Amino acid sequence: MPYECISGRSQVLLCNCKKLNQDLPNSFYPNQYDNLSNWKAHYETTGPEIWKDTEGTVTHFAAGVGTGGSMSGTAKYLKEQSEKVVSVGIDTYGSVFKKYKETGEFDENEVYPYLTEGIGEDILPKNVNFSVIDHFIKVTDKDAAVMTRRLAKEEGLFVGWSCGSAVHGALEYAKENLKKGDVMVILLPDHGTRYLGKVYNDDWMRNHGFLEDKAYGTARDIVSSRDVGYQLVVVKKTDKIKDAIALMNDKSVSQIPVMEDGQVIGSITDNKLLLKIIENPALKDATVDQVMEDSMHFVALDSTLDVLSSMVEREKAVLVRDELHRVHIITKHDILAAITK
Ligand SMILES: Cc1ncc(COP(=O)(O)O)c(C=O)c1O
């Protein structure tokens with residue numbers, strides 16, 4: 001039976017579950033996102049278990065954040081035992097958590113499809129208690145998948161994909177921040193059997209560009225081949241449309257991000273502009289906000305070119321931040337040029 005819902009992955013899921021619960025007599029809706037028994041269970045069990053097993057020596061706790069229950073409950077308990085405990089939430093590219101923690105802004109531009117299962121969200125579940133999560137680290141699908149396989153091969157831990165995310169992200173954090181004597185506990189919540197056809201399958205890994213033997217490069221290769229003086233062509237929403245068109249011609253670009261206060265808030269593309277101006281020629285004297293479209297999506301710097309090409313095929317160009325936090329645009333032409341180099 002079809003259950004019509006609004007857009008967004010978790011939103012769709014929540015909608016479907018709610019509706020099923022309403023329609024089916026005697027049904028129970030656990031609602032792991034917003035049912036606060038979720039974090040409380042971890043406060044009462046996972047936290048005390050870690051405290052007891054480390055004999056109170058734990059200094060850092062890292063875990064993937066999906067509903068937020070395991071991180072929030074465990075971190076709250078551990079922080080109550082020792083103020084020194086630092087918690088590190090592991091997030092995905094394509095999820096809103098990290099930016100929300102760092103800026104307080106729920107940025108829909110951060111949301112795009114990703115593959116890692118169980119962590120990252122396009123909503124803010126009630127079980128995510130941001131006040132007990134000190135830092136968020138984002139991990140790409142590829143880094144998580146590669147680490148999941150390493151855990152099986154090198155540590156004998158047959159765990160799930162989000163466990164690879166948790167370990168990769170925790171190690172990234174540890175490299176910069178841990179000192180001798182610190183004790184970091186990483187929560188691995190999932191076993192590997194569900195991923196036999198995915199991260200544990202070489203063909204699947206190869207098809208997704210996750211195995212090193214694939215000759216494709218990454219967004220990083222495109223970005224680092226650009227001049228040191230690279231500057232993204234941008235417009236403001238208050239700019240005149242005719243000036244934006246002149247800029248497109250001058251710079252020979254077909255799409256431009258719209259920026260405000262250092263943030264990308266939308267985009268304009270020549271295709272849509274043309275259609276709108278043909279419909280209403282007076283628009284050329286209006287301002288960019290009259291024709292602004294959704295922003296391009298941000299991708300991770302180590303997204304492989306085959307993954308990028310499937311994104312730009314479906315949508316517009318993508319954006320990426322380099323190591324100096326400058327925003328770059330990557331178009332179909334950039335990917336083609338990099339692949340055929
Ligand atoms: C495989 C997997 N990893 C990680 C998580 C994240 O845990 P939490 O929902 O407690 O944030 C989940 C959540 O369901 C999951 O299914």
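Which residues does Thr 148 touch, not counting residues up to four places away in sequence? I started my notebook with that one.

**Entry 1: ground rules**

I am working with a predicted model, where local features need pLDDT of at least 70 and side-chain atom pairs count only at pLDDT 80 or more, while totals for chains, interfaces and linings use all residues. Numbering runs from 1 along each chain as its sequence is written, and side-chain values use heavy atoms, with hydrogens and water left out.

**Entry 2: Thr 148**

I found Thr 148 in helix 6, residues 141-155. Helices here are DSSP runs of H or I with at least four residues, strands are runs of E with at least two, and both are numbered from the N terminus. Back to my opening question: Thr 148 touches Val 159, Gly 160, Trp 161, Gly 164, Val 199 and Tyr 200. For contact I need heavy atoms within 4.5 Å.

Next I asked myself: is Thr 148 buried or exposed? Thr 148 counts as buried because its relative accessible area is 0%. My cut-offs are under 20% relative accessible area for buried, over 50% for exposed, and partly exposed in between, with a 1.4 Å probe and protein chains only.

I then followed the side chain of Thr 148. It reaches the backbone oxygen of Ala 144 at 2.6 Å, and also the backbone oxygen of Trp 161, at 3.4 Å. I call these polar contacts: pairs of N or O atoms within 3.5 Å, where within protein one must be able to donate a hydrogen and the other to accept it, and residues adjacent in sequence count only if both atoms are side-chain atoms.

Glu 155 is found in helix 6 too. I put Glu 155 down as exposed because its relative accessibility is 55%.

**Entry 3: the ligand**

Which residues come nearest to the ligand? I noted Gly 66, Thr 67, Gly 68, Ser 70 and Ser 162, out of 15 residues around the ligand. Being near takes a heavy atom within 4 Å.

I zoomed in on the oxygen atoms of the ligand. A polar backbone atom of Gly 66 is 2.7 Å from a ligand oxygen. Thr 67 has a polar side-chain atom 2.5 Å from a ligand oxygen, and for a polar side-chain atom of Ser 70 I wrote down 2.6 Å. The protein covers 82% of the 380 Å² of accessible area that the ligand has on its own. Those areas come from the Shrake-Rupley method with a 1.4 Å probe; for residues, only the protein chains shown count as cover.

I sorted the shell around the ligand as well: 3 nonpolar, 9 polar and 3 charged residues. In that sorting, Ala, Val, Leu, Ile, Met, Phe, Trp, Tyr, Cys and Pro are nonpolar, Asp, Glu, Lys and Arg are charged, and the others, Gly among them, are polar.

**Entry 4: His 42**

His 42 sits in helix 2, residues 37-44. Its side chain makes a polar contact of 2.8 Å with the side chain of Thr 46. Leaving aside neighbours within four places in sequence, I listed contacts of His 42 with Gly 47, Pro 48, Gly 69, Ser 70, Gly 73 and Thr 74.

**Entry 5: the cores**

In soluble globular proteins, nonpolar side chains tend to be buried together. A nonpolar core is a set of buried Ala, Val, Leu, Ile, Met, Phe, Trp, Tyr and Cys residues joined through side-chain atoms within 4.5 Å. The largest one has 20 residues, of which Phe 61, Met 71, Leu 78 and Phe 97 touch the most other members. Strand 1 (60-64) and helix 4 (69-81) are the elements that give two or more residues to this core. Helix 4 supplies the largest share, 4 residues.

I picked Leu 78 and, skipping neighbours within four places in sequence, found contacts with Gly 47, Ile 50, Trp 51, Val 58, Phe 61 and Val 85. Apart from this core lies another, of 19 residues, including Ala 144, Ala 166, Ala 170 and Tyr 195.

**Entry 6: loops**

Ser 252 is in the loop between helix 10 (241-251) and strand 5 (255-260). Its phi is positive, about 55°, although Ser 252 is not a glycine. Ser 252 is exposed because its relative accessible area is 65%.

I found His 325 in the loop between strand 8 (318-321) and strand 9 (327-330). It is not a glycine, yet I noted a positive phi of about 70°.
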